[in-house]
Amino acid sequence: MRRRICVFCGSSPGVDPAHRAAAAELGRRIAEAGWGVVYGGASVGLMGAVADAALAAGGEVIGVIPRELFAAEVPHTGLSELHQVPDMHARKALMYDRADAFAVLPGGLGTLEELFEAATWNQLGLHGRLKPIALLNVGGFYDPLIHLLDHATSAGFVSPHWRATIADAATAAEVLDRLAAG
Ligand code: AMP
């Protein structure tokens, strides 16, 4: 069965060129592995970099974008499938449904929100089956978040079982390994 990876990442490019390079490498590697990309459908920021690289490597890329975000995120016109949905909730529901696993690149509030929603849906059993999550910790971007997750676990608020469903990896290749194993 073809696996699809839902990628959460910034709609901005960020200031460090390494983040854009990591986004492109992740998109390329997902395609080269024969897997599909599911993402927010934008042509801008790291989101656009993931999609462009996956398409250039011959991969399938499925975008899901709410109509209200057309102006801000500019839908990508070269995708395998572009789904226009009424709102954010519909966007996330369709992205989660089409994906087998989640990869998280650097990003802002939207990326963090999606990470935690996907993780809590695992905890609540709402994805139907466990869908593994891996953070691409480019240059230590996610070190403070990893520290907070470990802190919340040792403080007894996150169970070690659910903590273990959020992996982290230093490279795009390692993200694929972690998701393939999950
Ligand atoms: P950001 O990380 O803030 O650049 O956002 C990354 C992506 O998440 C963008 O496509 C945003 O439109 C999207 N996003 C922002 N807020 C939400 C939300 N509450 N639910 C789902 N996606 C969101």
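## Second largest pocket

About 210 Å³ of space lies in the second largest pocket of this predicted model. Its lining is formed by Phe116, Ala119, Thr120, Gln123, Leu148, Leu149, Ala152, Val158, Trp162, Arg163, Thr165 and Ile166. By class, these residues comprise 8 nonpolar, 3 polar and 1 charged.

Three helices each contribute at least two lining residues to the second largest pocket: H5, H6 (143-154) and H7 (160-163). Of these, H5 gives the most, with 4 residues.

## Largest pocket

The largest pocket has a volume of about 390 Å³. It is lined by 28 residues, and those closest to its centre are Cys9, Gly10, Ser11, Gly110 and Thr111. Two or more lining residues come from each of strand S1 (4-8), helix H2 (45-56), helix H4 (88-98) and helix H5 (109-124).

Helix H5 supplies the largest share of the lining of the largest pocket, namely 5 residues. In terms of residue class, the lining of the largest pocket divides into 13 nonpolar, 10 polar and 5 charged residues.

## Ligand site

Which pocket does the ligand take up? The space taken by the ligand is the largest pocket. The ligand is surrounded by 16 residues, of which the closest are Ser11, Glu73, Gly108, Thr111 and Glu114.

At least two residues of the shell around the ligand come from each of H4 and H5. The largest share of this shell, 5 residues, is provided by H5. The shell around the ligand consists of 5 nonpolar, 6 polar and 5 charged residues.

- Glu73 places a polar side-chain atom 2.4 Å from an oxygen atom of the ligand.
- Thr111 has a polar side-chain atom 2.6 Å from an oxygen atom of the ligand.

On its own, the ligand has 490 Å² of accessible area, and the protein covers 80% of it.

H5 gives the most to the lining of the second largest pocket, supplies the largest share of the lining of the largest pocket, and provides the largest share of the shell around the ligand. Thr111 is among the residues closest to the centre of the largest pocket and also among those closest to the ligand.

Key. Residues numbered from 1 in each chain as written. Predicted model: local features only at pLDDT ≥ 70, side-chain atom pairs only at ≥ 80, totals over all residues. Heavy atoms only, no water. 1 Å grid on protein atoms, 1.4 Å probe; cavity = no way out; pocket = protein on both sides within 12 Å on 5 of 7 lines; lining within 4 Å. Points joined across faces, edges and corners; volume = space filled by probe spheres on them. Nonpolar A, V, L, I, M, F, W, Y, C, P; charged D, E, K, R; others polar. Near = heavy atom within 4 Å. Polar contact = N/O pair within 3.5 Å; in protein donor to acceptor, adjacent residues only side chain to side chain. Areas by Shrake-Rupley, 256 points an atom, 1.4 Å probe, with all protein chains shown as cover. Sits in = over half its atoms within 2 Å of the grid points.
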